[in-house]
Amino acid sequence: MTRRWPASGQPAILRTSGVRLAALGAAVAAMGAVIVFVVIYYGTLGSLRQTLDASVTNEIGEILPQGPATPPAVAAIAIRAALAQRPSRIFYALAGPNGAPLAGNLRLPPPAPGWHTLDAPEADAFAQGVTELRVLVVRLRDGASLLVGVDGTMIRRLNDLIRRSFLIGFGLTLSLGIAAGIGFGRKALARVNAVSLASREIMAGDLSRRIPLAGTGDEFDRLAETVNAMLDRMQHLMENLGAVGNDIAHDLRSPLARLRETLELALRDPDPAAAGAAIAEAIAQVDGALALCGAILRLAQIETGARRASFSDIDLTDLLDRLVETYETVAEEAGHRLAAHVPRGLAIRGDAQLLNQMFANLIENAITHAGSAARIGLVARADPAGVTVRLTDDGPGIAPDRRGAALRRFGRLDPARHRPGYGLGLPLSAAIADLHDARFTLDAAAPGADRPGLAVTLVFPAGGVPRPG
């Protein structure tokens with residue numbers, strides 16, 4: 001059953017992972033910008049404020065040499081001297097206990113003792129261009145108050161500058177994040193839509209359809225390549241399935257028809273000897289049909305990879321030597337000559353029973369189809385790429401355009417089916433090779449010759465490590 005996601009009021013692009021990842025990235029970047037702003041804001045302004053506070057504290061130390069016990073008259077003399085020597089932007093206000101001004105260049109009632117930041121009540125109220133003061137108020141023992149301040153306009157301007165810079169940077173970060181998210185989302189959505197379109201066409205029956213690649217080599221391309229390989233495999237299996245049904249019908253119809261004919265003749269013939277012979281013939285025909293079913297089941301079991309669990313280290317040299325020793329006599333009786341060159345120490349990992357069946361099938365195939373007085377050769381070698389086994393004959397071979405049919409289930413090169421067999425030998429061998437991750441190829445043993453022969457080459461991977469089943 002096809003699952004349909006619930007409808008949402010959000011546009012499709014906002015539900016894409018690209019937009020969500022970009023939004024998350026923008027949020028993280030914005031959070032980082034806030035942290036940087038806080039560090040810069042408080043670090044810079046705090047350092048500047050400490051500098052101003054230090055200058056105020058030093059100035060008060062000069063005005064009040066005895067601290068709060070300094071007489072107001074002495075403080076007034078020190079203030080006048082400071083103003084005469086340094087007409088800078090340092091502000092003084094000395095007021096008596098009743099608040100009357102005693103000395104200074106700032107006409108402002110002193111606030112409560114301690115640190116303060118004073119804003120100018122109007123333009124140029126403190127001095128030209130001064131809009132903020134950083135002041136310290138000290139209460140003297142006789143009730144007088146001393147205010148010393150410095151120009152804090154720089155702090156205000158710097159504060160405004162940092163805030164504007166932060167707002168601009170923060171806005172740009174969010175804008176770029178949103179734009180990137182929309183761009184990534186559109187791209188991802190286009191790729192997903194292409195995959196969905198291809199999938200719908202495949203489900204509609206177009207098994208040749210494939211997911212398009214963008215050519216960027218990104219994760220979408222890698223996923224598309226994997227899915228396309230899976231679709232190639234599925235198309236191959238579906239095509240085989242269609243052909244297999246027809247071939248099974250052909251291969252089973254003849255023995256079943258003969259079986260029916262044999263049983264009818266036995267039913268009509270009262271001779272017990274004839275009936276026994278007919279029953280024996282019927283059993284042989286049933287055995288042939290069962291053998292066909294068994295071969296189909298073995299092939300299906302191999303293709304599912306279920307036999308990987310029985311893999312073990314195999315002495316390939318010993319396995320091939322025993323097969324060659326067995327089939328040398330069979331080849332001689334058929335008028336052929338079997339020669340082999342198998343070096344010592346060849347080892348792979350696999351299923352010994354299946355490997356034995358595969359090589360036996362290939363040798364029997366050469367003996368059966370190589371013609372008369374054929375020379376059959378088996379050569380094995382090991383190299384950095386793995387272990388290679390090559391079986392050749394000098395028979396008629398298989399035409400290049402017919403090799404695909406030879407590897408298909410029931411793909412027999414004799415359409416009339418005059419030769420014995422069911423066309424499962426090479427497909428079964430190829431399936432066993434694929435189970436062992438071996439590369440299985442068919443080509444001519446002697447290209448261009450009158451009898452090019454057939455060469456079956458198997459290359460087992462180095463180390464013999466099978467892929468996961």
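Is S145 buried or exposed?

What we have here is a predicted model, in which local features need pLDDT of at least 70 and side-chain atom pairs count only at pLDDT 80 or more, while totals for chains, interfaces and linings use all residues. Residues are numbered from 1 along each chain as its sequence is written, and side-chain values use heavy atoms, with hydrogens and water left out.

Back to the opening question. S145 is buried, at a relative accessible area of 5%; buried means under 20%, exposed means over 50%, and partly exposed is in between, with a 1.4 Å probe and protein chains only. You will find S145 in strand 5, residues 145–151. The side chain of S145 makes a polar contact of 2.6 Å with that of R139. By polar contact I mean a pair of N or O atoms within 3.5 Å, where, within protein, one must be able to donate a hydrogen and the other to accept it, and residues adjacent in sequence count only if both atoms are side-chain atoms. Leaving aside residues up to four places away in sequence, S145 touches A93, L94, A95, P110, V138 and R139; contact means heavy atoms within 4.5 Å.

Now let's zoom out. The protein has nine helices and twelve strands, and 37% of its 469 residues are buried. Among contacts with a separation of 6 or more, 63% come from residues 24 or more positions apart.

Five strands make an open, mixed sheet in the order 7-9-10-12-11; two strands pair if DSSP finds at least two bridges between them. At the edges sit strand 7 (337–341) and strand 11 (439–443), each pairing on one side only. On average, neighbouring strands are turned by 10° against each other, direction ignored. The axes are lines fitted to C-alpha atoms, for helices over the stretch in contact, and angles between N-to-C directions run from 0 to 180 degrees.

Two helices pack on this sheet. Helix 7 (352–369) touches strands 9, 10, 11 and 12, and its direction makes about 165° with that of strand 12. Helix 9 (425–435) touches strand 11 and strand 12, at about 145° to the direction of strand 11. Within the sheet, strand 10 (386–393) and strand 12 (455–461) pair in the antiparallel sense over seven bridges, with T392 opposite A455.

Finally, how many salt bridges does the structure hold? There are nine, each a side-chain nitrogen of Lys or Arg within 4 Å of a carboxyl oxygen of Asp or Glu. One of them joins R375 and D394 at 3.6 Å, N to O. R375 lies in strand 9 and D394 in the loop between strand 10 and helix 8 (403–406), so the pair ties together parts 19 residues apart in sequence. D394 is buried, at 18%.

Another salt bridge links D318 and R322, with the closest N and O atoms 3.1 Å apart. Both residues belong to helix 6 (316–333), four residues apart, about one turn of the helix. D318 is partly exposed at 37%, and R322 is partly exposed at 44%.
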